[in-house]
Amino acid sequence: MGDITAQLADIVGGHNLLTGDAIPDDYGHDEELTHPPQRPAYVAKPATAEEVAALLKVATQHQIPVTARGSGTGLSGAALPRGDGLVVSFERMNAVLEVDTTNQVAVVQPGVTLVDLDAATAPHQLRYMVHPGELSSSVGGNVGTNAGGMRAVKYGIARHNVLGLQAVLPTGEIIRTGGKIAKVSTGYDLTQLIVGSEGTLALATEVIVKLHPRLDHSATVLAPFADFDQVMAAVPLIIASGLGPYILEYIDNVTMAALVHTQNLELGIPDQIRDSCQAYLVVALENRTAQRLDEDVERAGELLGELGALDVYVLEGGSARRLIEARENAFWTLKAAHADDIVDTVVPRGAMPKFLAAVRGLATAAGGGAVGCGHAGDGNVHLAIFCADPMARKKLMTDIFALAMELGGAISGEHGLGRAKAPYWRALEDPVKVELLRRIKQSFDPAGILNPDVVFAP
């Protein structure tokens, strides 16, 4: 172990290598709810792609399991290390290398947070539009999990916004994929293979992301509905209307009550409407002129009324921002309420009413509950599961995921499988597909050192 420590210290410098009890607890976990923290044997903080390559060469030589770490805000356990493992922390690789206004892209290191990237692109009136709930998350984490967020209904998920990568293979080889180009049809698309691979194939050391113009005018329309199915039925009609919302969310009444209480929201909803409401629809609109925005807001209000909303509330400025921020913080609110697990399932939009009704029935039958919110515009359902009995909860989670897949969906829409959801995926997925993906993993990582507990069993 002393020899390995010396080799790693030679690469990053002794002050950038932590070992044993000197490793802070933060490096032993992400925000996943079900696995206990695990302190790794080593934490290395490289500054360059070449240092990452050298670290992976040592890890391959000594069969040390490697876990990449950005901000540690993941929700699936993909950043949970092995006790004998090496955490490669990208906290020092946190520079915005370029904001290219001609091609409307930014070139960034993986440790750049979304807050820092937003600050760097703001003077150019551009923005990276992948916004998961935690804005302290890193671009490298976005790449690893194929992150999404509320704006995905208009701007897509990470897979639609990452154009190219510099990445290090576990052999120590450095490759470049994609580039500042809008499309490519030359061989297999390695960029998109690495995006969403949760650190199991290669470690991204540079990312080229797509930027979009910042629109100056925005407003949020909040519509309470007495019937949950009405909310779900309204979603495809709003999308088909041509209004082009950049946020289209549902929030059930239990979750909204928790957000209002914990985030001190003042939404101006009368008690009689709040008490008769089963769920809310949040429709955020943007435009380049105030007049066009006003026209869209008026049409959205009319449409929501026609679709059965109890009332329609137009929020602007601070009140709109606070509601969106509260929705982004929904996970933390539900975690504080002692949720036992979370679901990040995605189903076709048209299947959401059937899925959510069935999930509520499954949770009740298991002696638990399922509450939450989700990206209604793209069928991504976020639920907090309350079911204290571990065996009952495991069966409930299995039943929920099986139902989602039966309806044409998937276990995870944007959080990834990590350690938490991978066992369900292996049990439910087509074994032919699992074996094919295993062969891809083998071709990238023949020594099996990259996140060996994630996606596949060791």
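Mentor: A salt bridge is a side-chain nitrogen of Lys or Arg within 4 Å of a carboxyl oxygen of Asp or Glu. By this rule, the count in this predicted model comes to 23 salt bridges.

Trainee: What makes the pair Glu286 and Lys154 a salt bridge?

Mentor: The N to O distance between their side chains is 3.0 Å, and the cut-off is 4 Å, so the pair qualifies. The two residues lie 132 residues apart and link distant parts of the chain, with Glu286 in strand E14 and Lys154 in helix H5.

Trainee: Why is Glu286 called buried?

Mentor: Its relative accessible area is 12%, and buried means under 20%, so the label applies to Glu286. Lys154, at 37%, counts as partly exposed, because that term covers values between 20% and 50%.

Trainee: How do you know whether Lys421 and Asp341 are buried or exposed?

Mentor: Lys421 has 6% relative accessibility, and Asp341 also has 6%. Both values are under 20%, so both residues are buried. Their side chains meet in a salt bridge at 3.2 Å, N to O.

Trainee: What separates Glu325 and Arg321 in helix H12?

Mentor: They are separated by about one helical turn, because they are 4 residues apart in that helix. Their side chains meet in a salt bridge of 4.0 Å, N to O.

Methods:
Residues are numbered from 1 along each chain as its sequence is written. This is a predicted model: local features need pLDDT of at least 70, side-chain atom pairs count only at pLDDT 80 or more; totals for chains, interfaces and linings use all residues. Side-chain values use heavy atoms; hydrogens and water are left out. Buried means under 20% relative accessible area, exposed over 50%, partly exposed in between (1.4 Å probe, protein chains only).
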